[in-house]
Amino acid sequence: MAFRESGSGVRPRGGKVGASLAKAEPRAEQVATITVSRQSPDDAGIREIFVSVDSEQLGILKNGEAVTHDLPAGPHKIRVHNTLFWKKYDVVLQPGEHARFTAANRAGWGSFGFLMVLGAAPLYLTLEREK
């Protein structure tokens, strides 16, 4: 490594000093991953599920789809909704961790009766962390 002398001392050529270090890109070890899938056999298969992490929308899931997102390790809020019901999950991710969640729209005891009569039915939303 080549060194050059500057007015404030010796530092590596092109090296970052002082406040520039705080703006450095996060290292790969400080990144975690979240995957939210809609691939449950109990899913009713209708109505989209909207997925967001820390108030940033990640995607709209149809039955059988999944979304994966890299983010800094630390605490995060996962929110899903189907425009009728909302679920949230607070999680603290460790560096290098890959947290997987399953979201599903589940039919209740009267859902298909409502669907046949009204053309719409309440679907109960679930969000579970996979082991």
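What relative accessibility does Glu-97 have? Glu-97 comes in at 22%, so it counts as partly exposed (buried is under 20% relative accessible area, exposed is over 50%, and partly exposed is in between, with a 1.4 Å probe and protein chains only).

## About the model

This is a predicted model, where local features need pLDDT of at least 70, side-chain atom pairs count only at pLDDT 80 or more, and totals for chains, interfaces and linings use all residues. Residues are numbered from 1 along each chain as its sequence is written, and side-chain values use heavy atoms, leaving out hydrogens and water.

## The sheet

Let's look at an open sheet of four strands, which runs S5-S4-S7-S8 with antiparallel pairing. Strands here are DSSP runs of E with at least two residues, numbered from the N terminus, and two of them pair if DSSP finds at least two bridges between them. Strand S5 (56-61) and strand S8 (86-93) sit at the edges with a single partner strand each, so one side of each has no neighbour in the sheet.

S4 (residues 49-53) and S7 (residues 74-81) pair over four bridges. Pick Ser-52, and its bridge partner in S7 is Arg-79.

## Salt bridges

There are four salt bridges, each a side-chain nitrogen of Lys or Arg within 4 Å of a carboxyl oxygen of Asp or Glu. One of them joins Arg-38 and Asp-43 at 2.8 Å, N to O, and both of these residues are buried.

Another links Asp-90 to Lys-77, with the closest N and O atoms 3.3 Å apart. Asp-90 lies in strand S8 and Lys-77 in strand S7, 13 residues apart.

Glu-97 also has a partner: Arg-129, at 2.6 Å between the closest N and O atoms. Arg-129 is partly exposed, at 29%.
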